[in-house]
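Biologist: I'm new to this one. Can you walk me through its charged pairs?

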Amino acid sequence: MDSLLGFPQSPATAILRRPLISTSRPNSNRNAGLSFRAKPNDAIDPLLHDAVNSASLRFRETHRPEPLFVDPYAGCFVDPNAQMDMKQCSHHYCVATKYIDDKLLRTVNHIEGLKQVVLLTDGMDTRPYRLSWPTSTIIFDISPDRVFSGAAEKLKGVGAKIPRSCLFLHVPLESSNLQQTLRARGFNGNRPSIWAMQGLPVMTLANFEDILLTVSGLSMNGCGFLGELPAWLAETEIVTKTSTREWMEKLFMNNGFRVDMIHYEEVAKSLGKKLAAGPYKNILFSSEQLRFSDDQMETWRREFQRVEEQGDEEGFEEL
């Protein structure tokens with residue numbers, strides 16, 4: 001994987017984008033605002049339940065003898081009497097968390113001008129607080145608003161703070177148009193960005209395709225998108241002669257991304273850990289944007305129009 005994922009920059013690829021409004025699905029739009037049926041006053045909120053389970057895994061990993069990472073804030077979301085995990089093997093989720101942490105920090109620290117980080121989360125992601133972000137990093141969190149609001153109060157209660165000179169902005173997953181909301185919050189598609197997804201509630205394949213469409217529309221050529229997606233997305237779509245890898249490559253390429261499946265076992269081995277036995281419900285991936293963002297295309301369209309109107313041949317050559 002090239003470019004923002006930590007390797008040499010590849011030449012920009014001028015792949016034409018699909019229309020900005022219409023999609024292949026009737027009555028769908030580009031907002032990627034997923035719909036949720038669970039109500040805040042349900043006896044058991046499934047979104048909250050899943051977020052707490054993930055926080056519990058981070059809490060347990062933090063208190064292991066040789067943890068993959070330390071999350072000093074996960075404890076504020078879980079039962080203080082939670083049983084510690086004394087097993088020698090590492091959970092898939094924690095291996096993925098370490099992989100995503102390292103990839104994010106390596107990217108923002110080595111790519112000049114990259115200040116925009118977008119986290120697609122379950123609402124209890126503590127990366128904005130626990131990672132050492134470079135000065136002037138702008139972190140956008142896209143997550144279920146009701147989970148995020150409660151988590152923010154708990155984090156404030158334990159004194160969690162964003163690194164100095166950094167900015168943290170929440171974007172409700174329920175927004176009717178995520179692209180528009182991100183832009184309104186200050187996201188700039190003419191500047192580099194890195195996107196990471198872990199824990200984001202995805203209900204259908206159409207939901208994830210909307211997410212891909214949103215990321216594709218906002219991320220510049222060469223930008224990275226990594227994280228975990230639910231394995232059942234592939235299981236419901238794969239036919240007999242199609243592998244999970246082929247399905248993912250087609251899905252991501254349709255939205256302008258070159259994708260690699262990352263094997264949990266290989267990541268664990270590189271970290272000197274043994275992966276826990278048993279199945280896991282997610283797929284770890286890392287991808288690179290091959291298209292230009294909508295903002296890039298619009299900027300260039302305006303520049304070409306200006307040159308054409310002025311008959312500025314010298315300016316045209318400079319493009």
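Biologist: How many salt bridges does a search of the whole structure find?

Modeller: The search finds 10 salt bridges. Each one is a side-chain nitrogen of Lys or Arg within 4 Å of a carboxyl oxygen of Asp or Glu. This is a predicted model, where local features need pLDDT of at least 70, side-chain atom pairs count only at pLDDT 80 or more, and totals for chains, interfaces and linings use all residues. Residues are numbered from 1 along each chain as its sequence is written, and side-chain values use heavy atoms, with hydrogens and water left out.

Biologist: Which residue forms a salt bridge with Asp-71?

Modeller: Arg-58 does, with the closest N and O atoms 2.7 Å apart. Asp-71 sits in the loop between α1 (46-62) and α2 (92-110), and Arg-58 in helix α1, so the pair ties together parts 13 residues apart in sequence. Helices here are DSSP runs (H or I, at least four residues), strands likewise (E, at least two), numbered from the N terminus.

Biologist: Are Asp-71 and Arg-58 buried or exposed?

Modeller: Both are buried. Buried means under 20% relative accessible area, exposed over 50%, partly exposed in between (1.4 Å probe, protein chains only).

Biologist: New topic. What does Glu-288 meet in a salt bridge?

Modeller: Arg-258, at 2.7 Å, N to O. Glu-288 is in strand β7 (residues 282-289) and Arg-258 in strand β6 (residues 257-262), 30 residues apart. Glu-288 is buried at 1% relative accessible area. Arg-258 is partly exposed at 31%.

Biologist: Which residues do shared partners join into one network?

Modeller: Arg-58, Asp-71, Asp-101, Asp-125, Arg-127 and Arg-130.
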